[in-house]
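The report that follows looks at how parts of this chain pack against one another. Please keep the sequence and the structure in view while reading.

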Amino acid sequence: MASKPSTPHAHTNASEERESGQPLAENPQPQTIGFGTVVKREIGGVLVILVLAAALTLTTSTFLTPTNLANLVRQVTVFAVLAVGQLFVILTSGIDLSVGSILGLSGAVTALLLVAGMPVPLAVLIGLVAGLASGFVNGLLVAFTKLPPFIATLGMLGITRGLVLLMTDAETISPLPESFNAIANGSLLGLPNLLWILVLAGIIATFVLSKTVFGRYVYAVGSNQESARLAGVPVHAVLIAVYSISGLLAGFAGILTASRLGAGIPTAGDGYELQAIAGAVIGGASLSGAKGRAVGAILGAFIMGMLDNGGNLLGVNSFYQQIAIGALILLAVYFDRLQGRRFNLEGRAS
C-alpha cells in the first residue's frame, strides 16, 4: 500500500528552491490549518450571499416567495454539482472545460433512452456512465499523454457537443416520463428534492476531500506532483480519478437538468463550464491547486445562481450578467494571487 503524502498542503516548487538557494525537503512538516483559517475561507461567500439576499428582497417583491426560492434551489443545484466536480480537478492544478458539454451529452442520452421505452433507473444509470466515461478519457489524456488539461478538455468539449447534436439531430427530445421529471421537480418533507440532493452531494464531497486518503492525495498532487510521486502518491491514478469524478457529476447534472425541464435539450449546458469554474474559484479554490473546499464551491454556486435569479427578477440583460461573472472570476483569482504572495513572503521571513 502506498504511504501517505506528508505534505498535502505545502506549496513548494522548483522556482522557490532556486530563489532561496536551499534544497527542497523531501519530507517537510505538514501545514496546520486551524478553525479560524477554515472559517475565513467561507465567511466571505456567506457575507456576499447575505448581501445579495438583502438587496434582492428590498428591490423585488418576488425574491422571497416560495415559488422563486424553489426555482433558485433547482437552478443552484445544477451549478453546485458542476462546481464540486470542477473543484476536484482544480485542486490538482487542472481545469475541465468539457463539463457543460458532458452535461448535455448525459441529459440527451438519458432522454433518448427514456423516449425509446427504457426503464427510468436503467436510463439514468447509462446517462451517468456516459458522463463518467467522458471524464475518464479526459483523465487518461491528462495523465498519460501529458496534454495540458486546457487542451485535453477543450477537445472533449467539441467531441461531446458534436455527439449530442448528431444523436438528437439538434432537436429537443420529449416528452419524458412523469416519474423521471419528478426527480428534479418533486419534493420530500416539504422541501425540493434538489435541495436534498445538494446537501447530500456537499456532505459526500466534504467527507471524501477531508476524511479520506484519496482526498489527501488530491491536495498533494495539486501542491506538487513530483513531490507527491516521491512520497508514494499514485499521481496518474489520482488524475484519472478526479477527471472521472468531474465527468460523473457533470453527467448527474445533465440528468437533473433533463428532469427539471422535462426534455433532453441538445444545447443544454452550453457555457456552463464558466459557471462551474466561477463557482469553484469564487468559493475559494485556487487555480494553482491544493486550495479549496466543497462548501466553498457550493457557496460560490449559490452566488452565481442568485446573480442569475436576481438579474431575471430585475429584468437585467443577461449579457450584463456574463460580464459580472467574468469580473468576479478575475477578482477572485487576483485576490488569491495576492494571498499566495503574502503567504510566500511570510514563509521566507520566518
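## Packing of α4 and α6

In this predicted model, the axes of helix α4 (residues 99-115) and helix α6 (residues 149-168) come within 8 Å and cross at roughly 25 degrees. Because angles under 35 degrees count as roughly parallel, α4 is roughly parallel to α6, and their crossing is left-handed.

On the α4 side the contact is made by G100, S101, I102, G104, L105, A108, V109 and L112, while α6 contributes L157, T160, R161, L163, V164, M167 and T168.

## Nonpolar cores

Which residues have the most contacts inside the largest nonpolar core? They are L82, V84, L87, L209, V221, V233 and V238, within a core of 64 residues. Helix α3 (residues 66-90) gives the most to this core, supplying 13 residues. Apart from it lies another core, of 10 residues, which includes A123, L176, F180 and A258.

For L87, once its neighbours within four places in sequence are set aside, the residues in contact with it are L209, A280, A285, G292, R293, A294 and A297.

## The chain as a whole

The chain holds 14 helices and 2 strands, and of its 350 residues 46% are buried. Among contacts with a separation of 6 or more, 80% are between residues 24 or more positions apart.

The accessible surface of the chain comes to about 16,700 Å², and carbon and sulfur atoms account for 68% of that area.

Note on methods
Residues numbered from 1 in each chain as written. Predicted model: local features only at pLDDT ≥ 70, side-chain atom pairs only at ≥ 80, totals over all residues. Heavy atoms only, no water. Core = buried A, V, L, I, M, F, W, Y, C linked by side-chain atoms within 4.5 Å. Buried < 20%, exposed > 50% of the residue type's maximum accessible area, 1.4 Å probe, protein only. Helix = DSSP H or I, 4+ residues; strand = E, 2+ residues; numbered from the N terminus. Contact = heavy atoms within 4.5 Å. Areas by Shrake-Rupley, 256 points an atom, 1.4 Å probe, with all protein chains shown as cover. Axes fitted to C-alpha atoms, helices over the stretch in contact; angles between N-to-C directions. Parallel < 35°, antiparallel > 145°, perpendicular 65-115°, else oblique. Left-handed = near helix turned anticlockwise from the far one by under 90°.
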